[in-house]
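Okay, everyone, let's talk salt bridges. Have a look at this one with me.

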Amino acid sequence: MQTTRPQESATDVQTAGRRKQKSALEQAGGIKGVIFSALPAVVFVVANNVGGLKVGILAALLVALGIAVERLARKESLQPALGGVFGVAVAAGISWYTGSAKDFFLIGIWLSLVGAVAFALSVVLRWPLAGLIWNSATGKGTVWRADKRSRLYYDIATLVLATIFGARFAVQQYLYQADEVGSLGFAKIAMGYPLLAVGFLAVAWAARASDKRLKAAGLLPAKRT
């Protein structure tokens, strides 16, 4: 009986630790956070169509600030809201400077290209970013690189993310060149968190498959306390 209690305690600690780890959706603020992140772009497109560029910019900024205030009032995490305010402010500043509504989406379009190149290049350099980021965040370090199959799993997950960012860039750049402001807003939302969820599932699959192999090889402890 006494020999099993420490094992049970370790299992309880491990389980509690897993419960404390937030999912990607929780880190984004839950369903409400996802909706809030999409609101400034939606409001910008609608207000721009109704009242012009200046009205669209002002409306998007007010919505972003309103979200931050609402989170503050509810004593929720301000990180997503502040990031949203900063992103909207930068996008609005560029659009204001150029006088073009479509430039509201310009930063996001080129950041998608940067993401696609970075993820693809990391596979070529044999340091797939999916594995590097995940294992750094979970405290496992770089032990996964000792197993070729694990690297392959993370290569696949990283290429999935590269494809997602590449698709974002290709579609939104096409709409940008076609001056389709309304379609740009829709594409930004539709290709945002929904596609990132697919990427997260790929990373989660790679991590689970890699951990199983590393534990079997003794490179990771069978039970983490």
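Predicted model: local features only at pLDDT ≥ 70, side-chain atom pairs only at ≥ 80, totals over all residues.

I'll go through the salt bridges pair by pair.

Residues are numbered from 1 along each chain as its sequence is written, and side-chain values use heavy atoms, with hydrogens and water left out.

So, how many salt bridges are there? With a salt bridge taken as a side-chain nitrogen of Lys or Arg within 4 Å of a carboxyl oxygen of Asp or Glu, the count is three.

Take aspartate 179 and lysine 102: their closest N and O atoms are 2.7 Å apart. Aspartate 179 sits in the loop between α8 (148-177) and α9 (181-190), and lysine 102 in the loop between α5 (79-98) and α6 (106-124), so the bridge ties together parts 77 residues apart in sequence. Those helices are DSSP runs (H or I, at least four residues), numbered from the N terminus. Lysine 102 has 16% relative accessibility, so it counts as buried, meaning under 20% relative accessible area, with exposed over 50% and partly exposed in between (1.4 Å probe, protein chains only).

Next, aspartate 211 pairs with lysine 140 at 3.6 Å, N to O. Aspartate 211 is in helix α10 (residues 193-216) and lysine 140 in the loop between α7 (129-137) and α8, so here the linked parts are 71 residues apart. Both residues are buried.

Last up, aspartate 147 and arginine 213, at 2.8 Å between the closest N and O atoms. Aspartate 147 is in the loop between α7 and α8 and arginine 213 in helix α10, 66 residues apart. Buried or partly exposed? Aspartate 147 is buried at 13%, while arginine 213 is partly exposed at 34%.

How values were computed:
Helix = DSSP H or I, 4+ residues; strand = E, 2+ residues; numbered from the N terminus.
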